[in-house]
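Here's a quick briefing to read alongside the structure.

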Amino acid sequence: MLSRPRAILLDIDGCLITGDRPIARATETVTHLARHWPLRLVTNTTSRPRRQIADQLRAMGFGIDIEQIITPCALARQVLVARGEQRGVLIADGAGHEDLAWFRRTAPEEACSVLIASEAHSWRIADLAPAVKAVLGGARLYTLQENRLFRRAGELVTDLGPVAAFVAYAGRCAWENLGKPSPLLFETLAAELQVPASEVLMVGDDAEFDVAGALRAGVGQAVLLRTGKYRSGDEDGIDPRPSAVLDSIVDLPRLLPD
Ligand SMILES: [Mg+2]
């Protein structure tokens with residue numbers, strides 16, 4: 001049994017869906033959980049706008065509102081606007097970026113921030129020069145997530161993390177991550193849900209980011225699912241260990257006290 005949480009955060013890919021299909025009976029489970037707990041779906045996806053993610057989930061039968069979906073873009077907006085840093089150099093391309101329309105692009109000399117929102121595969125190093133110039137001038141460096149690699153058409157390719165690392169190394173600065181497992185993400189979500197992070201439950205298929213990272217960031221309990229990217233023994237390679245390991249999201253309600 002888990003302790004009764006005051007709010008639940010669910011990963012999307014590999015937890016509720018795999019590819020373009022829902023995990024068996026996940027829709028009913030989400031409906032059940034949403035009836036009893038404040039619920040947010042938390043994803044590190046940066047390649048698709050939030051509206052598209054919401055449409056896809058609704059088409060699969062998940063009864064969720066777009067406001068319940070938390071993407072790194074949504075968090076970036078909250079955090080940067082609250083800090084008055086929603087202006088500067090944006091590294092973005094592709095379809096992401098109706099969700100970044102609030103960010104005002106400026107010359108590097110006038111930047112308050114640099115926001116890394118693309119894995120920049122078609123960019124040249126010279127295209128990153130404005131970002132480096134901005135951080136050298138004192139702009140704060142943010143990245144939508146700091147994953148090292150992702151799989152595209154069967155090949156492992158670099159994700160946003162290496163782009164952030166490139167700019168940070170050249171500019172001799174640190175970066176703030178806005179995706180899982182950023183403490184900034186979990187703290188902001190807990191504040192919005194008006195519960196302490198220690199009473200939040202996170203559920204996902206990524207042992208490092210959804211489980212160990214969430215627990216290290218102050219989330220009270222984290223459950224690892226043996227679906228999606230889970231590989232046998234993942235729970236043994238992480239510290240802290242998961243609060244529980246389940247075969248599927250469908251098994252979660254049985255572990256939760258009424
Ligand atoms: Mg996942």
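The C-alpha centres of domain 1 and domain 2 sit 27 Å apart. The domain assignment puts domain 1 at 7-44 + 180-255 and domain 2 at 84-177. Keep in mind that this is a predicted model.

**Overall build**

- The protein has 8 helices and 15 strands.
- Its C-alpha atoms fill a box of roughly 55 × 40 × 35 Å along the principal axes.
- The radius of gyration is 18 Å, which agrees with the value near 18 Å for a compact globule of 258 residues.
- Of the 258 residues, 41% count as buried.
- Take the contacts between residues at least 6 apart in sequence: 67% of them join residues at least 24 apart.

- Strand β1 (residues 7-10) pairs with β13 (residues 200-204) over 4 bridges and with β4 (residues 39-42) over 3 bridges, in the parallel sense both times.
- L9 is a handy reference point: it stands opposite M202 in β13 and opposite R40 in β4.
- As a general rule, side chains in a regular strand alternate between the two faces of the sheet.
- In β1, A7 and L9 point one way while I8 and L10 point the other, and all are buried.
- Further out, β4 and β5 pair in the parallel sense over 2 bridges, with L41 opposite I69 in β5.

- β6 and β7 are joined in the parallel sense by 2 bridges, and R105 in β7 is the bridge partner of G88.
- In helix α4 (residues 129-136), the buried residues are P130, A131, V132, A134 and V135.
- Those buried α4 residues pack against β6 (87-91), β8 (113-116), β9 (140-143) and α5 (160-171).
- G138 follows α4 and has a positive phi near 110°.

**Nonpolar core**

- The largest nonpolar core has 69 residues, and L16, V114, I116 and V203 touch the most other members.
- This core draws at least three residues from each of domain 1 and domain 2.
- Which residues does L16 touch, not counting those up to four places away in sequence? They are L10, P22, I23, A26, V30, F62 and I249.

**E146, a buried loop residue**

- E146 is found in the loop between β9 and β10 (149-152).
- E146 counts as buried because it has 24 C-beta neighbours inside 10 Å, and the cut-off is 20 or more.
- Leaving aside neighbours within four places in sequence, E146 is in contact with L160, G161, A164, N177 and G179.

- For background, most residues other than glycine have a negative phi, and most peptide bonds are trans.
- The peptide bond from K180 to P181 is cis, with omega near 5°; P181 lies in the loop between β12 and α6 (183-193).
- D239 and P240 are also joined by a cis peptide bond, with omega about 0°; P240 is in the loop between β14 (221-225) and β15.
- R25 is not a glycine, yet its phi is positive, near 65°. R25 is in the loop between β3 (21-22) and α1 (26-36).
- Is R25 buried or exposed? R25 counts as exposed, because it has 11 C-beta neighbours inside 10 Å.
- Q194 also has a positive phi, about 60°, without being a glycine. Its place is in the loop between α6 and β13, and Q194 is exposed, with 9 other C-beta atoms within 10 Å.

Terms used:
Residues numbered from 1 in each chain as written. Predicted model: local features only at pLDDT ≥ 70, side-chain atom pairs only at ≥ 80, totals over all residues. Domains from an automatic or database assignment. Buried ≥ 20, exposed ≤ 12 C-beta atoms within 10 Å, placed from the backbone. Contact = placed C-beta atoms within 7 Å. Pairing = 2+ DSSP bridges. Rg over C-alpha atoms; globule rule 2.2 N^0.38 Å. Core = buried A, V, L, I, M, F, W, Y, C linked by C-beta atoms within 7 Å.
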